[in-house]
Amino acid sequence: MPSSTSASGPSSPADVAPLSLCAREPHVPADRLVAEMVPPPRFDAVRFDTYIPDPNQPSQTEAVRVLSGFAAGLGGAHASGAGKKRWFQKKAAAPAGPRGVYLDGGYGVGKTHLLASLWHAAPAAPEQKAFGTFVELTNLVGALGFQQTVRTLSGHRLLCIDEFELDDPGDTVLVSSLLSKLVEQGVALAATSNTLPGKLGEGRFAATDFMREIQGLSAHFKALRIDGEDYRHRGLPEAPAPYSQEQVTKAAYATAGASLDDFPHLLAHLAKVHPSRYGALTDQLTAVCLTEVTPVPDQSTALRLVVLADRLYDREVPVLASGVPFDRLFSEEMLNGGYRKKYFRAISRLTALARDAKGLVSA
């Protein structure tokens with residue numbers, strides 16, 4: 001579907017027609033999914049010493065201390081790099097006690113910064129460490145199959161899982177089984193979420209089997225609470241108000257590598273692209289320009305938009321938009337429902353990207 005360009009044409013003969021997300025239908029091979037299990041570009045340079053704890057939140061300083069020690073401890077068992085060989089050898093005894101840390105906290109307290117810092121600090125080659133979101137991990141299982149995923153990741157010293165969110169009981173059982181197998185192989189685990197492991201799923205599903213799986217999974221982790229306010233809003237101005245359709249269109253034409261799409265058409269297109277491909281959907285983009293932003297019509301659409309917002313945030317792609325403000329994307333019913341944590345995260349991240357896009361608009 002073509003991008004929305006009716007508001008105004010090119011602002012000068014030198015301008016080039018923008019790209020369109022709706023025209024992209026990427027296909028991502030399984031080996032790329034594995035190779036890309038590293039911290040996203042936004043977190044390439046983060047380290048423990050670049051994390052600035054809030055002096056009013058001692059739990060943030062404590063988190064840095066605990067995670068630094070956890071990283072140092074990974075130089076012991078399973079440090080030979082022979083993980084793949086061990087798959088064919090006699091299975092070693094599972095390590096006693098928790099094999100992972102679980103960072104629990106609200107939006108924007110720096111959990112992903114700390115998780116990426118742990119990945120960078122772990123004394124292992126990049127190919128022996130994996131970093132991905134919960135959705136990316138389930139997508140990997142879908143691409144490789146369960147047994148092949150276990151074989152692939154069992155050679156790792158560390159698996160970091162960002163935004164550990166359980167959307168259905170099937171995913172819960174799948175990931176619980178996967179992590180149990182990896183712990184048996186000596187893989188250390190680290191994860192972030194907005195809810196403690198023992199509370200995941202509460203208020204969303206009540207099935208006894210589901211809760212039992214949650215409790216079994218939580219035993220693998222030592223929970224580490226991180227308090228604080230969203231740093232993306234700490235001392236920063238409010239997100240800019242939406243621009244006019246003409247301003248957004250003009251900026252898209254004036255910005256090399258920008259995309260321009262009508263928001264309702266983009267939402268329809270996302271339904272045709274598997275969420276595992278949303279990262280590839282944004283490849284090489286310098287900015288995303290959206291016209292006629294309206295509240296999302298249903299929960300399935302909203303959840304797809306959340307994944308796209310995560311991928312855009314990971315890649316630091318500014319988002320310029322006309323229509324309703326981003327804090328009005330989701331209905332009150334959605335914001336009070338079981339997926340509210342995802343929706344608030346998406347609002348927070350899109351707001352940050354909207355600030356980044358402010359410079360695209362001519363005064």
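The buried residues of helix H10 are covered by elements that include strand E6 (258-262), helix H11 (278-281), strand E7 (287-293) and helix H12 (299-314). H10 itself spans residues 263-270, and its buried residues are Phe263, Leu266, Leu267, His269 and Leu270. Viewed down the axis of H10, these buried residues fall within an arc of 160 degrees, so they line one face of the helix. Keep in mind as you look around that this is a predicted model.

Let us move on to the loops. Most residues other than glycine have a negative phi. Gln284 is not a glycine, yet its phi is positive, at about 70 degrees. You can find Gln284 in the loop between H11 and E7. Glu316 is not a glycine either, and its phi is positive too, at about 55 degrees. Glu316 sits in the loop between H12 and strand E8 (319-323).

Glu316, at 43% relative accessibility, counts as partly exposed.

| Residue | Relative accessibility | Class |
|---|---|---|
| Glu316 | 43% | partly exposed |
| Cys22 | 5% | buried |
| Leu137 | 2% | buried |
| Cys289 | 1% | buried |

**The open sheet**

Now for the strands. In which order do the 5 strands of the open sheet lie? The order is E2-E3-E4-E1-E5, and the pairing is parallel. At the edges are strand E2 (129-133) and strand E5 (221-226), each of which pairs on one side only. On average, neighbouring strands of this sheet are turned by 15 degrees against each other, with direction ignored.

Strands of a sheet pair through backbone hydrogen bonds. Here, E2 runs parallel to strand E3 (residues 158-162), and 5 bridges join the two. To see one place where they meet, look at Ala130, whose bridge partner in E3 is Leu159. Helix H5 (residues 134-144) packs on the sheet, where it touches E2 and E3. The direction of H5 makes about 110 degrees with that of E2.

Leu137 is buried, because its relative accessible area is 2%, and buried means under 20%. Which residues does Leu137 contact, leaving aside its neighbours within four places in sequence? They are Met37, Leu153, Ile161, Val175 and Leu178. Val34 is 103 residues away from Leu137 in sequence, while their C-alpha atoms are 9.5 Å apart in space.

**Cysteines**

How many disulfides does a search of the whole structure find? The search finds 0. Among the cysteines, Cys22 is buried, with a relative accessible area of 5%. Cys289 is also buried, at 1% relative accessibility.

**The chain as a whole**

Finally, step back to view the whole protein chain. Its secondary structure comes to 14 helices and 8 strands. Of its 363 residues, 52% are buried. Among contacts with a separation of 6 or more, 87% join residues 24 or more positions apart. The chain exposes about 15900 Å², and carbon and sulfur atoms supply 54% of that area.

Note on methods: Residues are numbered from 1 along each chain as its sequence is written. This is a predicted model: local features need pLDDT of at least 70, side-chain atom pairs count only at pLDDT 80 or more; totals for chains, interfaces and linings use all residues. Side-chain values use heavy atoms; hydrogens and water are left out. A disulfide is a pair of cysteine sulfur atoms within 2.5 Å. Buried means under 20% relative accessible area, exposed over 50%, partly exposed in between (1.4 Å probe, protein chains only). Two strands pair if DSSP finds at least two bridges between them. Helices (H or I, at least four residues) and strands (E, at least two) are DSSP runs, numbered from the N terminus. Axes are lines fitted to C-alpha atoms, for helices over the stretch in contact, and angles run from 0 to 180 degrees between N-to-C directions. Contact means heavy atoms within 4.5 Å. Accessible areas come from the Shrake-Rupley method with a 1.4 Å probe; for residues, only the protein chains shown count as cover. The arc is that of the directions from the helix axis to the C-beta atoms.
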